[in-house]
Amino acid sequence: MQDKVPTGLDRKETEVYRHLDKSRLPRHIAIIMDGNGRWAKRRHMPRVAGHRAGVTAVRSTVETAARIGVGALTLYAFSEENWKKRPKSEVDFLMRLLSRYLKAEVTTLNKNNIRLEYIGRQFELPDDVQERMEWARESTSHNSGMTLTLALNYSARSELVDAFRSMVNAASQNGGMEHLRIDEDTVARHLYTRHLPDPDLVVRTSGEMRLSNFLLWQLAYAEIYVTPTLWPDFRGLHLLEGIAEYQKRERRYGGLNHWEAKTDAPARIKIEK
Ligand code: FPP
């Protein structure tokens, strides 16, 4: 008997989906959306046209991920560096685009049972954008399906700085610094992503081989999938192809591979007598 295919997948998506091991889907996928500017440049269009086209890619990717049962999807929409280093006109455009996306998308997010969250220093964003973000979060907070987290004004180093500050604060309110105990679980509980498991897979579009200050703590054991596709051309189909590639990898977490773990013998070194 053939697996049941989730409704809403198109013919090509269905083809890739059928070959996936449904028991080994990544629980959490993180995506570095890159290449909007290059996409626009190739078409002799302004950079912002690439961002506008990027929204279609966001929509398609989010819907496919939710349909196949991925638990969490995190999109790097806007880094702290973008905010500080790009022309004001482009930043303003991105803010308006985000606001419009949130307004237009809440109905679809609810239809797909998707809960919206954010990571990043939200308090530095314009007030009206923060209000819209809070409204969209609240309007989807009852959903129990996929968690869609948008990284906005996000920097992994700032996240770690905020986590350390938060740990020190918590200790000073709970009996003082002599009660401060720090281990990996403590750090994880003070990160912006405390509501999420670590990503199993990180996807980067447009061929760049960098993490660009994204989820540096959380990606410690993630598989990295880089595709040359520019973000505005990325669709649910590309996500499924990334998952297929992920399933070919062997995750070792610093341990041995399956064969080595099953035997006591040294795996590759033959000792000659
Ligand atoms: C990177 O491309 C992309 C961004 C900085 C912005 C991402 C925004 C979107 C995909 C659209 C809006 C998102 C949401 C969630 C509504 P780049 O401009 O750095 O491209 P380049 O490297 O080719 O110049």
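The model is predicted, so local features need pLDDT of at least 70 and side-chain atom pairs count only at pLDDT 80 or more, while totals for chains, interfaces and linings use all residues. Residues are numbered from 1 along each chain as its sequence is written.

**Overall build**
- The chain has 10 helices and six strands, taken as DSSP runs (H or I of at least four residues for helices, E of at least two for strands) and numbered from the N terminus.
- The C-alpha atoms of the chain fill a box of roughly 75 × 60 × 40 Å along the principal axes.

**Helix 3 against helix 5**
- The axes of helix 3 and helix 5, lines fitted to C-alpha atoms over the stretch in contact, come within 10 Å and cross at roughly 20 degrees, on a scale from 0 to 180 degrees between N-to-C directions.
- Helix 3 is therefore roughly parallel to helix 5, a term for angles under 35 degrees.
- Arg47, Val48, His51, Arg52 and Val55 in helix 3 meet Glu90, Phe93, Leu94, Leu97 and Tyr101 in helix 5, contact being C-beta atoms, placed from the backbone, within 7 Å.

Methods:
Angles under 35 degrees count as roughly parallel, over 145 as roughly antiparallel, 65 to 115 as roughly perpendicular and the rest as oblique. Two residues are in contact if their C-beta atoms, placed from the backbone, lie within 7 Å.
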